[in-house]
Amino acid sequence: THVGADGLPLAFILIGLFSIPAYAVFSQVVDQYSRPQLFRYMLLLAALMAVGMRFLLAETRVVNYYIVLILVFFQWDFHNNILYPSLLTDYFSALDYKRYAPFIGMAQAAGTLVGGGLTALLSHFFPTRELLLALPVVFGVAIAQLFYLENTQRQIETVGKTENVGMVEALKTFPDLVKRYPLMLFLAASSFLLVIIYLSAEFLWFSIYAQNFTEDALTGFLGLMRMSVSVIQVLVLYCFTRPLLHWVGVARMNVVYPITTLFGLLGIVMQTSLPTGIALHINGDGLYKSINIPVHQLNYNAVPREFLGRIRTLSDGFFYAVGLTTAGGLLWICHHALSLAQIAWIAIGLTVVLFCLRLPMGKYYAQGLEEMIRSDTINLDDLGDVQLPLPQEASTVIHNLLQASDRYTQIKGLEFATQLGQPSQFYPVVQPL
C-alpha cells in the first residue's frame with residue numbers, strides 16, 4: 001500500500017541479494033547442531049527481529065518498508081523451505097513422510113487460516129505495526145514445542161557434528177555429488193525456475209488487482225483471498241494430492257504443477273481481467289502449496305541424509321536466492337517495456353522449460369533411491385511397502401539383495417524385483433530360495 005506493485009521487482013532483487021550471504025552463513029552451521037536446537041536458535045533470533053521491526057516502522061519511510069519486507073520474506077522462506085522440512089526428515093522415514101505430507105500441508109493451511117483470521121480481528125483494535133509484538137509469543141510456543149519434541153521423540157538418525165562445509169565448499173563439491181545423484185541438479189534447477197515463475201505470476205496478479213481496486217478495497221479483498229486460498233489448499237491436499245501420491249507416486253506427480261501453471265498463465269494471455277488474475281492467484285498460492293511443495297519436498301527422500309542439509313541449503317537456499325534476484329531484475333526490465341500479457345508469455349516459456357525439466361525427475365528420483373540402497377545409506381525398514389518406480393538399471397542391486405545372507409534382505413529384494421518390467425529375469429536367483 002505504500003509502494004505498489006511497481007516496487008515489487010526492486011524488492012525481489014533486494015531479497016535475493018540479502019538471502020545469498022544469509023544462506024552462506026547458515027551453510028556453516030547447518031550440519032553442526034541438532035535440527036531442533038538450530039530451529040530454536042533461529043526462532044529466538046526471529047523474535048528479536050520482530051521487536052526490532054516494530055520500532056523500525058515507527059518512522060514511515062519507504063526504505064523501512066523494504067527492510068521489513070526483506071526480513072519477513074526471508075524468514076518465511078527460510079523457516080518453511082529449509083528448517084521445517086529438514087526437521088521433518090529427521091523424525092519421519094521416507095514412507096512416513098510420503099504418507100503424512102498432505103496432512104502436514106493441511107495443518108499449515110489451517111495455521112495460515114487461523115493466523116489470517118487473528119490478524120484481521122486484531123487489526124480492528126491495534127495498528128498494523130503493533131501486531132509484530134505478537135510474533136514473539138507465537139515463536140515462544142514453537143520453541144517450547146521443539147523442546148518437547150527433542151526430549152520425547154527419537155530421531156531416525158541423530159545429526160552429529162561433522163566437518164564444517166561452507167557455501168563455497170558446498171558449491172565446489174556439488175558437481176561431484178550430482179554425478180552420483182543427478183536428482184540434486186534437477187532439484188536445484190527446479191528451485192531456480194520455480195521462484196522466477198512464481199514471482200512473475202505474483203507480479204501479474206498484483207498488477208491486475210491494482211487496476212481493479214482502491215487501496216482500502218484491496219486490503220479487504222486480499223484478506224478474503226487469503227482465507228479462500230487456505231480453504232482451497234486443504235481441499236486439494238485431502239481430495240487430490242493425498243490419493244494421487246498413493247496411486248501414482250512422487251515421480252509422476254512432479255509434472256502436475258507446471259501443467260496447472262500453464263493453464264493459469266494462458267488465461268492471462270487470452271484476457272487480462274480480474275477473474276483470470278484470481279485464477280492465477282489460486283494456482284500460484286493455493287496449488288503451489290497444496291501440490292508443488294509436498295511433491296518437491298518428497299523428492300529429497302532420494303538424497304542421503306548426510307548430504308540433506310547441504311543440498312537443501314544449496315537448492316532451496318542459494319539457488320532459490322539467485323532465482324529471486326534474477327526474477328527481480330527480469331521484472332524490473334519487463335514491467336517498463338512490456339504489457340502484462342507479454343510478461344505472461346515469458347513466464348509460459350519458463351514454465352515449459354520447468355515441465356521438460358521435471359519429466360526426467362521421476363527417473364532420477366528412483367535412481368537416487370537405488371544408489372542409496374546400493375551404498376547402504378538407506379534403511380530398508382524406512383521403505384516399508386512404498387511402491388518405488390525403480391529403473392531397469394536397478395537389476396544389479398536387486399541381484400545383490402537376493403543373494404544376501406539374511407532372509408529379510410532377500411525378501412526385500414523380491415519386493416523390488418516385482419516392481420521391474422521383467423521380473424522373470426531374477427528367476428534363476430529366486431529359484432534356489
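## Exercises on a predicted model

V114, L118, L121, L122, F125 and F126 make up a nonpolar patch on the surface, and together they have about 590 Å² of accessible area. The model behind these exercises is predicted.

**Exercise 1.** Find which helix holds L122, and decide whether L122 is buried, partly exposed or exposed.

*Solution.* Step one: L122 is found in helix α4, which covers residues 94–122. Step two: the relative accessible area of L122 is 31%. Step three: buried requires under 20% and exposed over 50%, so L122 is partly exposed.

**Exercise 2.** State which residues touch the most other members of the largest nonpolar core, and which helix gives this core its largest share.

*Solution.* Step one: the core has 71 residues, and M184, L199, V303 and I311 touch the most other members. Step two: helix α7 (residues 183–212) supplies the largest share, 18 residues. Step three: a separate, second core has 17 residues, among them Y23, L43, A47 and L146. Step four: leaving aside residues up to four places away in sequence, M184 touches F174, L177, V178, V303, P304, F307 and I311.

**Exercise 3.** Determine how many disulfides the structure holds, then classify C239 and C334 as buried or exposed.

*Solution.* Step one: the structure holds zero disulfides. Step two: C239 has 56% relative accessibility and counts as exposed. Step three: C334 has 7% and counts as buried.

**Exercise 4.** Count the salt bridges, and explain what the pair E150 and R40 ties together.

*Solution.* Step one: there are three salt bridges. Step two: in one of them E150 pairs with R40, with the closest N and O atoms 2.8 Å apart. Step three: E150 belongs to helix α5 (residues 135–152) and R40 to helix α2 (residues 35–56), so this pair ties together parts that are 110 residues apart in sequence. Step four: E150 is partly exposed at 27% relative accessible area, whereas R40 is buried at 11%.

**Exercise 5.** Work out where E130 and R54 lie, and what separates K289 and D285.

*Solution.* Step one: the side chains of E130 and R54 meet in a salt bridge at 2.9 Å, N to O. Step two: E130 is in the loop between α4 and α5 while R54 is in helix α2, so the pair ties together parts that are 76 residues apart in sequence. Step three: K289 forms a salt bridge with D285, the closest N and O atoms being 3.1 Å apart. Step four: K289 and D285 are four residues apart in helix α11 (residues 274–298), so about one helical turn separates them. Step five: K289 is buried at 19% relative accessible area, and D285 is buried at 6%.

Notes. Residues are numbered from 1 along each chain as its sequence is written. This is a predicted model: local features need pLDDT of at least 70, side-chain atom pairs count only at pLDDT 80 or more; totals for chains, interfaces and linings use all residues. Side-chain values use heavy atoms; hydrogens and water are left out. A nonpolar core is a set of buried Ala, Val, Leu, Ile, Met, Phe, Trp, Tyr and Cys residues joined through side-chain atoms within 4.5 Å. Buried means under 20% relative accessible area, exposed over 50%, partly exposed in between (1.4 Å probe, protein chains only). Helices (H or I, at least four residues) and strands (E, at least two) are DSSP runs, numbered from the N terminus. Contact means heavy atoms within 4.5 Å. Patches are made of residues with over 30% relative accessible area and no salt bridge: like charges are joined within 9 Å, nonpolar side chains (Val, Leu, Ile, Met, Phe, Trp, Tyr) within 5 Å. Accessible areas come from the Shrake-Rupley method with a 1.4 Å probe; for residues, only the protein chains shown count as cover. A salt bridge is a side-chain nitrogen of Lys or Arg within 4 Å of a carboxyl oxygen of Asp or Glu. A disulfide is a pair of cysteine sulfur atoms within 2.5 Å.
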